[in-house]
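Okay, everyone, thanks for coming. Let me put the structure up on the screen, and then we'll walk through it together.

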Amino acid sequence: MQQFIYAYDEDTKNKLINNGYEFMSETNYKGKKAYLFSNNNNKLDFTNDNLEFSNRLYC
């Protein structure tokens, strides 16, 4: 399981917060503004969301 989630838009950020994911910081990831979350293994369907899973931490 990937440790971190990078969300690239406000809607996805809010969805993650509302579903219990821990918001860590706002950062740049791969040249884009991103919202960094800790992946706490919640079970959400991310099919249409603008995000990326990673084991790399960029603060």
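So, how many aromatic pairs does the count come to? Three aromatic pairs, and keep in mind that this is a predicted model.

Let's take tyrosine 6 and tyrosine 29. Their ring centres are 3.8 Å apart and their planes are at 5 degrees, so we call this pair stacked; the cut-off for that is planes under 30 degrees apart. Now look at where the two rings come from. Tyrosine 6 is in strand 1 and tyrosine 29 is in strand 2, residues 22-29, so the pair ties together parts that are 23 residues apart in sequence. Are these two buried or exposed? Tyrosine 6 has 0% relative accessibility, so it counts as buried. Tyrosine 29 is at 3%, so that one is buried too, given that buried means under 20%.

Next, phenylalanine 23 and phenylalanine 37. This aromatic pair is edge-to-face, with 5.4 Å from centre to centre and 65 degrees between the planes. Phenylalanine 23 belongs to strand 2 and phenylalanine 37 to strand 3, so here the pair ties together parts that are 14 residues apart in sequence. Phenylalanine 37 is buried, at 0% relative accessibility, whereas phenylalanine 23 is partly exposed, with a relative accessible area of 34%. And there's a cluster here: ring pairs link Phe23, Tyr35 and Phe37.

The charged end of lysine 13 sits over its ring, 5.0 Å from the centre. You can find another lysine doing this: lysine 32 lies over the face of tyrosine 8, at 4.6 Å from the ring centre.

Okay, on to tyrosine 35. Leaving out residues up to four places away in sequence, tyrosine 35 touches Ile5, Tyr6, Ala7, Asp9, Glu10, Lys13, Phe23, Ser25 and Glu26.

Which residues make up the largest nonpolar core? There are seven: Ile5, Ala7, Leu16, Tyr21, Tyr35, Phe37 and Leu51. Strand 1, residues 4-7, and strand 3, residues 32-38, each supply at least two residues of this core. There's also a second, separate core of six residues, and among them are Tyr6, Tyr8, Tyr29 and Leu36. So our stacked tyrosines, Tyr6 and Tyr29, turn up again in that second core.

Let's zoom out to the whole chain. It has one helix and four strands, and reading along the sequence you get the pattern β-α-β-β-β. The four strands form an open sheet in the order 2-3-1-4, with antiparallel pairing. Which strands are at the edges? Strand 2 and strand 4, residues 51-54, and each of them pairs on one side only. From one strand to the next, the twist averages 30 degrees.

Glutamate 22, for instance, has serine 38 in strand 3 as its bridge partner.

And the helix? Helix 1, residues 10-18, packs on the sheet and touches strand 1, strand 2, strand 3 and strand 4. Its direction makes about 5 degrees with that of strand 3.

Two last numbers for the chain. Of its 59 residues, 34% count as buried. And if you take contacts between residues at least 6 apart in sequence, 59% of them join residues at least 24 apart. That's me done, thanks!

Definitions and conventions. Residues numbered from 1 in each chain as written. Predicted model: local features only at pLDDT ≥ 70, side-chain atom pairs only at ≥ 80, totals over all residues. Heavy atoms only, no water. Core = buried A, V, L, I, M, F, W, Y, C linked by side-chain atoms within 4.5 Å. Buried < 20%, exposed > 50% of the residue type's maximum accessible area, 1.4 Å probe, protein only. Contact = heavy atoms within 4.5 Å. Phe/Tyr/Trp six-rings, centres within 6.5 Å; stacked < 30°, edge-to-face > 60°. Lys NZ or Arg CZ within 6 Å of the ring centre and 35° of its normal. Pairing = 2+ DSSP bridges. Axes fitted to C-alpha atoms, helices over the stretch in contact; angles between N-to-C directions.
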